[in-house]
Amino acid sequence: KAILNISPRLLAVRLIFLDARGKMVQFLVASAYAPPYSTNAAYAGKIGTFYNNMNTLMDEVTGDDVLIIGGDLNAHVGSNRPIRRRAVIQCPAIGDYGVQGTNAAGTKLRDYATSNDLRFATTFFEPPKTCWPTEIAKWKNTRFIRQGGMVLPHSFGMENVTNSTTF
């Protein structure tokens, strides 16, 4: 399938290219928008549906696909860098350069990414000092700094990623 319209919050397209050597390279590029985190009862149903739809997407991934998921996943996934000398629970799905701190939605997303061998590519690369923290923190208010978008490739695709920035 070339277009996967899984839900209004999850769409994917399969793109096939020839690399410089003439070898076929197949990408499955998905756009995901998770429901905003809330403590009300309706959120549990919405986020459950979202993760069911993500499982549908993962079921569509073939061995030939290079999977890339981008979007606003409405979660604070944190980083593997300690905060003020406090120990951090290491997570293979994230790197050292994410915005500090997690929330319940971020913990769930980290667990999902780890169990599906996905990586938050934007957390593995230190942004240039001239743009810190604007490219990592897309907006802020008096209480939170939020990481803008996220890019999640499969871990086996990370060897080919040399930089990742979201806008």
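Modeller: On a 1 Å grid over the protein atoms alone, a cavity is a set of points where a 1.4 Å probe fits but cannot get out, and lining residues have an atom within 4 Å of a point. Grid points are joined across faces, edges and corners, and a volume is the space filled by probe spheres set on the points. This is a predicted model, where local features need pLDDT of at least 70 and side-chain atom pairs count only at pLDDT 80 or more, while totals for chains, interfaces and linings use all residues. Residues are numbered from 1 along each chain as its sequence is written, and side-chain values use heavy atoms, with hydrogens and water left out.

Colleague: How many cavities of 30 Å³ or more does a search of the whole structure find?

Modeller: The search finds three, and the second largest cavity holds about 60 Å³ of space.

Colleague: Switching topic, at what angle do helix 1 and helix 2 pack?

Modeller: Helix 1 (residues 41-60) and helix 2 (residues 104-115) pack at about 20°, with axes 13 Å apart. That makes them roughly parallel, a label for angles under 35 degrees.

Colleague: And which residues of helix 1 meet helix 2?

Modeller: Tyr43, Ile47, Tyr51, Met54, Asn55 and Met58 do, with contact meaning heavy atoms within 4.5 Å.

How values were computed. Axes fitted to C-alpha atoms, helices over the stretch in contact; angles between N-to-C directions. Helix = DSSP H or I, 4+ residues; strand = E, 2+ residues; numbered from the N terminus. Parallel < 35°, antiparallel > 145°, perpendicular 65-115°, else oblique. 1 Å grid on protein atoms, 1.4 Å probe; cavity = no way out; pocket = protein on both sides within 12 Å on 5 of 7 lines; lining within 4 Å.
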